[in-house]
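Got your viewer open and a selection tool at hand? Here is a walk through the model, one stop at a time.

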Amino acid sequence: MGEACCGPGYPSPAEAIKAPREKLLYTIAIYTGTGIQKPDYLATVDADPDSPTYSQVIHRLEMPGIGDELHHMGWNACSSCHDDSSMARKYLLVPGVRSNNIHVIDTATDPRAPRLHKIIDGAEIRAKTDLSGPHTVHCLGSEIIISFLGDARGEAPGGYLHLDKDFEIVGRWEASMGDIPFGYDFWYQPRHNVMISSEWAAPNTFMPGFDLEEVGYLKYGRRLHVWDFEKRVPIETMYLGEDGLIPLEVKFLHDPDSTHGFCGAALSTNVIHFWKSDDGKWAWEKIIDVDNEPHPEWPIPVPGVMSAILVSMDDRYLYINNWLHGDMRQYDITDPHNPKLTGQVWMGGLLGRAPEVNGVKVAGGPQMFQLSLDGKRLYVTTSLFSTWDNQFYPEIRTQGGVMVQIDCDVDNGGMSINPDFIVDFGKEPNGPSRCHETRYPGGDCTSDIWL
Amino acid sequence: MSGTRTITIANRGGAAYSVAERRPLLDTLREQGVDLPYGCRYGGCITCAARLTAGTIDQRRQVALNNRQLANGYVLLCVARPVTDCVLEIGVESHGLLYRNPFLDPLAPHELKPAIARPKEP
Ligand code: FES
């Protein structure tokens, strides 16, 4: 991709948008916590409408052992290495949240059938770096950083694992965690020497499931942290309070000159917009507030639970989910202070608005999603985390997860379910599995950073 | 015999295993061919939870179960050592009381995790 002389990715977001359409998707699928004693796996999904196996799982790469709980993943290299012709976007790093193992998967030798290249042993990571509970993977020029939510005993705040480009452990990335109580997601803008990190909870708090009462005991996060990226130290905290309970995904605009970014506060079900103001201070405001919805059988209204957000490569649209309500939404963020709701579709959820999509009963609600580089196809999966699924959507154990494609109108706004695409992970050969994060071989809308 | 305990698995036809008293049940039962789920292996994630219906377990290293789950007999096999002979139900078939919807079924203050629970009101 890009010019032949160059390394991975694209010279700019505008060039990325023009990349060829994705034909293969990689999504992780789990058996951890489902009762099926099989390893979690990386599924290859055929996304080429002209292929005879379109909308099917065409390959499954099993991990060597059971119990990893694969969750998020990231590339070994992205557009931040575009000038380095010795680098290639070849390996997906796929951590196991529970096992601590980092699986390095070669997707380039045969893109349809990825193969295991290397495993960084979870016990070794614990012993050498005192970290557990891996989450977000970002590359950092030719190196890699991974946020971990706990220390070796699962206590917050954890820290960041630093790997070199051969996937050897360098050590801890951060110089200090300062007084950060919790970790989760992070994103950085090198031109502004800034990284923003968010807060879920300690592994020992969230891995067993969600005890809502623990929010009141301050066991869950409510802050964003601003880092001096070069010095690798946190320098400022944005306390979000009740507006920002459980702030999860952090995304800057793709424009490397911009300081505007967003965070989805899952439990408050709000979007927080942050930016660097003219006086050099970081500011934030709540720009989207999804109301709790009444439920026929619940004594209290249901929160949306906004567990993920995503910004289109042209920085025009923000996508959010409401995992418990069951809707995906598209907002025009041309003015990031004043988002406009331009699209909404329903798939699953607790409110009963769309129990079935394209003939498949949906257990769970919209949860993780990945957008095509041209912004037109949004692939959405339904499982959040095994223990949390088991609490809110127990039927997912027998029905498994699904992957849905939403077609997005990039000119006028709007979303609709694609009638020709559905991947039913309830029908997998080893029994119902649950799909989560998705990536594409050529890069996607949550991978690339420009220096 | 000193140093060993007998573990009976009720939902595997009452199969009985002789295990070392000082080692975690996840290890000693898997070594004898019992297929058990697990994740973190340090008592932090409940993937390996089983239900104790008779006997006494030492699981002082567990950090993931709340007091309601403990009162319902759940044990984390990766850190559970048998103090006496025990009867267990294993696997997700035993997880009926392990998961709850926290919005519909709140925990009382004495049912929180041991580190933050308050004593039960008389
Ligand atoms: S395997 Fe995680 S608590 Fe036992």
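Select E69(A), which sits in the loop between β3 (57-62) and β4 (74-75) of chain A; helices (H or I, at least four residues) and strands (E, at least two) are DSSP runs, numbered from the N terminus. Phi of E69(A) is near 55°, a positive value in a residue other than glycine. With a relative accessible area of 1%, E69(A) is buried; that word means under 20% relative accessible area, while exposed means over 50% and partly exposed is in between (1.4 Å probe, protein chains only).

Before moving on, know that this is a predicted model, where local features need pLDDT of at least 70, side-chain atom pairs count only at pLDDT 80 or more, and totals for chains, interfaces and linings use all residues. Residues are numbered from 1 along each chain as its sequence is written, chains are lettered from A and ligands numbered from 1 in the order in which they are written, and side-chain values use heavy atoms, with hydrogens and water left out.

Next, pick N100(A), in the loop between β5 (91-95) and β6 (102-106) of chain A. N100(A) is not a glycine, yet has a positive phi of about 80°. It is also buried, at a relative accessible area of 1%. Then go to the peptide bond from A156(A) to P157(A): it is cis, with omega near 5°. P157(A) belongs to the loop between β9 (143-150) and β10 of chain A. For background, most residues other than glycine have a negative phi, and most peptide bonds are trans.

Now for H436(A), in strand β30 (residues 434-439) of chain A. Is H436(A) buried or exposed? At 3% relative accessibility, it counts as buried. Show what surrounds it: leaving out residues up to four places away in sequence, H436(A) touches several residues, among them T27(A), H71(A), H72(A), M368(A) and L384(A). Contact here means heavy atoms within 4.5 Å. A polar atom of the H436(A) side chain lies 3.4 Å from the backbone oxygen of L384(A).

Time for some charged pairs. The structure holds 31 salt bridges over all chains, each one a side-chain nitrogen of Lys or Arg within 4 Å of a carboxyl oxygen of Asp or Glu.

- E168(A) and K118(A): the closest N and O atoms are 3.0 Å apart. The pair links distant parts of the chain, 50 residues apart, with E168(A) in the loop between β10 (159-163) and β11 (169-172) and K118(A) in strand β7 (residues 115-120) of chain A.
- R191(A) and D257(A): the closest N and O atoms are 2.9 Å apart. R191(A) is in the loop between β12 (186-189) and β13 (194-197) and D257(A) in the loop between β16 (247-252) and β17 (261-265) of chain A, so this pair ties together parts 66 residues apart in sequence.
- D243(A) and K286(A): the salt bridge is 3.5 Å, N to O. D243(A) is partly exposed at 28%, and K286(A) is partly exposed at 34%.

For a linked set, select E22(A), D374(A) and R377(A), joined into one network by salt bridges that share partners.

Colour by chain for the next stop. Chain A and chain B bury about 2700 Å² between them, 58% of it on carbon and sulfur atoms; buried area is the accessible area (1.4 Å probe) that two parts lose on being put together, summed over both. Q37(A), E213(A) and Y217(A) supply 20% of the area that chain A buries against chain B, more than any other three residues. The contact takes 38 residues from chain A and 27 residues from chain B. How many salt bridges are there between chain A and chain B? The count is three. R100(B) forms a salt bridge with D211(A), with the closest N and O atoms 2.9 Å apart. On the side of chain A that touches chain B, α5(A) gives the largest share, four residues.

F210(A) is among the residues with the most contacts inside the largest nonpolar core, which has 33 residues. Such a core is a set of buried Ala, Val, Leu, Ile, Met, Phe, Trp, Tyr and Cys residues joined through side-chain atoms within 4.5 Å. A second, separate core of 31 residues includes I66(A), A50(B), L76(B) and C78(B).

Terms used:
Polar contact = N/O pair within 3.5 Å; in protein donor to acceptor, adjacent residues only side chain to side chain.
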